[in-house]
Amino acid sequence: AKYVYDFTEGNRNLKDLLGGKGANLAEMTNLGLPVPPGFTITSEACRHYLAEGATPDALEQEVAEHLGALEERMGRRLGQADDPLLVSVRSGAKFSMPGMMETVLNIGLNDESVHGLAKQSGGNDRFAWDSYRRLIQMFGKTVLGIDGELFEHALETVKGDRQDTDLGAEELQTLVETFKGIVREQTGKDFPADPREQMRLAVMAVFDSWNAPRAILYRRQERIPADLGTAVNIVAMVFGNCGNDSGTGVAFTRDPGTGRQGVYGDYLQNAQGEDVVAGIRNTIPLQELERLDKRSYDELMTIMETLENHYRDLCDIEFTIERGKLWMLQTRVGKRTAAAAFCIAVQLVDQGLISMDEAVTRVTGDQLAMLMFPRFNGGAGKRRIAKGMNASPGAAVGKAVFSSERAVELAGQGENVILVRRETNPDDLVGMIAAQGVLTSRGGKTSHAAVVARGMGKTCVCGAEELEVSVSERRFTAPGGVVVTEGEVISIDGTSGVVYLGEVPVVDSSVVEYFEGAEPDEDLVKAVDRIMRHADAARRLGVRANADTPEDAARARRFGAEGIGLCRTEHMFLGERRQLVEDLVLATGTEERQAALDALEPHQKEDFVGIFQAMDGRPVTVRLIDPPLHEFLPDLVDLSVKVATGAATDKDRALLAAVRRLHEQNPMLGLRGVRLGLVIPGLFAMQVRAIAQAAREVPGARPEIMIPLVAAVQELEAVREEAVAILAEAGVDALVGTMIETPRAALTAGQIAEAAEFFSFGTNDLTQMVWGFSRDDVEASFFSRYLELGIFGVSPFETLDRDGVGRLVALAVADGRRSRPDLKIGICGEHGGDPDSVHFCHDTGLDYVSCSPFRIPVARLEAGRAAL
Ligand code: PEP
Ligand code: MG
């Protein structure tokens, strides 16, 4: 294998091997943009190192060769005493993990070469010593594992109230000695002076950082596979810290919050790399660079345009200016908010850069779901206490907390919290995950808080500078003497950046209003409209709704449902009708039972009439009653107590006997579904009659009768015969089909299809039975541990498990269609509204997915994306 690639050898398609940063540095190099020379050590080398505990044998030699070539090209050797080449060592995995992994700058400095660097920079001693102290600080923290606070504290002590740029050469030289002392004290060894050794250790540290706890947590959150490893980039240093004609910045080619074109970024004069993101000093808006250094600014604008046209997408970049010369240090297709994703996609279509097909693939169902969350409707009279930057949209309300630990603790107790920090760092990730929203008083739209929150779709207001945050006192103060202490409720609006005291009520999103039928007016809604139309035209999968009431059915239709894929009739047995069900269960003879069924029938019919009307000629799959009967009866313990204390009536005693008789250890695996229909004569017949009568009353009604929990074709045949007879007698046409939700049904789908006109996969039960996971219990009991252990990346109840459950589904589809070529097949488990599972259904040749009304737009979009 080849473990090292020069920037001139790679390209953007090699992300698997070179990581995002390395691949894009290579791409920019090949575009002729000003990228400092360098090379990339592949993620394959990292994987080898992580698996074997040692780097591959060939690596050392390859690195030496590439370093040699770099030295030749630059005309100086790494750490050469009189004129040193310095390099940065930067991590870069396939998927960006902001702030999660390590970077070390200024490798190659030591007590000798620091003088060479000063000489090389025209006698700029301050710059040379500043670079050296940064090296020891970064190296000490990330490579040697020393607590970064020790260095920070030493720096603060020297600095006092001044900025870091106010420190003179001599002070920095003293600081270097202090830092070296910290290294000696903490590790028992001297700071390594040998430049090659520095580089070697830094590379290993980057490899190791792949498995740092915060990186593991981030990957789990973002569903990034755990075994990819990271590439490492070794880049000739360029310096933003050698005076006021130098600096460093970050920029977006358009606004990542709204998609609007323009100049968006932050710049920091006389600073190096991480200073911008870390919020050490306040940055200035990128526009002001035009005034400071017009030539570099103009060049940067041209490069940004080149990058957008080349990548045909929003890009974010990092750059450094060294004494008036612009260098590009990074670019990538940038993260953006959900709203911006939709807007940018159609803007790029209008600019002629991408097709509508591609625009649809550029947005996701998850992003659409985010746009359907409620938002604040003004401040509703609540006191507005600050305004920061609208870093990541949404409306979040919760108790203010000032540490990640507290956020996790309160969230664990079911509280909504807002994490308030001066600025966040990668250690705050757990708190950000636990919180409803994040509020910081420092840092711009590219700060850690903003970038990470946007990536997670979490509401964030950052840089609310009017706020004085005191983490140690667990409170912040706002202008006008407002003091907010831990536990007080605040509301933050990530769309406007406004912070309110107290709880602000939320209203529907404009995207939901559009789905409800409002005309698209704002740009975002127009973009959603165009993309949805194109997705609908492209998709092959039908989209139906799981709905049990006329109201839900009507909403589902407005949201674009083409029918109902699951109407759970047991939901119609609750509420005041419970009494009627109780009578049914307690009935002792045929006559009593029939009377109870007769009493239920008109109610059932009425329900179906309402739903058929709401669906106006579209198919409605009615599932016959499924859950265990005892769910309709009083609690065994309560009733026993009542009887034992003598407060019971005769009826209570009869009830208790019935409850005892029907009690099951494993109700989910007990008397449910078709089993119930076969055990209680007349129950299914009553339901089928109600469906038939309702269909006769509603012109154009298209009922489909679905039998649940079938495991053997014989069960289905018995029920089907009766149903078909009732339908024939009523003169009603209806398909009779079955759910496939037991493993045996899937395995014998060929036989079952002989008696079923359609299949609908009940993947909730199928997942439960294939994994042997009780769907009522496991998610609360041990799933979090399983997720931690990486046994699965996401709950199989959320995203369909392709390898296990998916294989059974595919088998049943193939066998079912072999017996009955025109078999109609859908899915109605929760997976029907899950993006990845929708793609699976498309790939597996299902006819439709069915999901809850609010997920319908998501399913339509993903079905379109799956077809493109
Ligand atoms: C299923 O099991 O996937 C299903 C849709 O039925 P229920 O959730 O009602 O058991
Ligand atoms: Mg089920």
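1. T763 touches L800, V805, I827, G829 and H831, residues up to four places away in sequence being left out; two residues are in contact if their C-beta atoms, placed from the backbone, lie within 7 Å. T763 is found in helix 31, where helices (H or I, at least four residues) and strands (E, at least two) are DSSP runs numbered from the N terminus. T763 is buried, since 30 other C-beta atoms lie within 10 Å. A residue is buried if 20 or more other C-beta atoms lie within 10 Å of its own, exposed if 12 or fewer, and partly exposed in between, with C-beta atoms placed from the backbone.

2. On the basis of the model: it is predicted, so local features need pLDDT of at least 70 and side-chain atom pairs count only at pLDDT 80 or more, while totals for chains, interfaces and linings use all residues. Residues are numbered from 1 along each chain as its sequence is written, and chains are lettered from A and ligands numbered from 1 in the order in which they are written.

3. On the surroundings of ligand 1: the shell consists of L566, R568, D626, E741, G762, T763, N764, D765, C828 and G829. A residue is near a molecule or strand if its C-beta atom, placed from the backbone, lies within 6 Å of it. Two elements, strand 25 (564-568) and helix 31 (763-771), each supply at least two residues of this shell. Helix 31 gives the most, with 3 residues.

4. E741 counts as buried because it has 25 C-beta neighbours inside 10 Å. Apart from residues up to four places away in sequence, E741 touches P708, L709, F761, G762, D765 and L766.

5. On D765: its place is in helix 31. With 24 C-beta neighbours inside 10 Å, D765 is likewise counted as buried. Neighbours within four places in sequence aside, D765 is in contact with E741 and T742.

6. On the overall architecture: the domain assignment gives domain 1 (4-236), domain 2 (247-333), domain 3 (373-507) and domain 4 (539-628 + 664-867), with bounds that come from an automatic or database domain assignment. Between domain 1 and domain 4, the C-alpha centres lie 58 Å apart. The protein has 36 helices and 31 strands, and its C-alpha atoms fill a box of roughly 105 × 60 × 55 Å along the principal axes. Of its 868 residues, 52% count as buried. Among contacts with a separation of 6 or more, 68% are accounted for by residues 24 or more positions apart.

7. On helix 4 (residues 113-120): S113, V114, G116 and L117 are buried. Seen down the axis of helix 4, these buried residues fall within an arc of 155°, so they line one face of the helix; the arc is that of the directions from the helix axis to the C-beta atoms. Helix 5 (125-143) is included in what covers the buried residues of helix 4. Just after helix 4, G122 takes a positive phi of about 70°.

8. On M100: this residue sits in the loop between strand 3 (87-93) and strand 4 (103-107). M100 is buried, with 23 other C-beta atoms within 10 Å. Residues up to four places away in sequence not being counted, M100 touches R214, A215, Y218 and P426. M100 and I216 are 116 residues apart in sequence and 9.1 Å apart in space, C-alpha to C-alpha.
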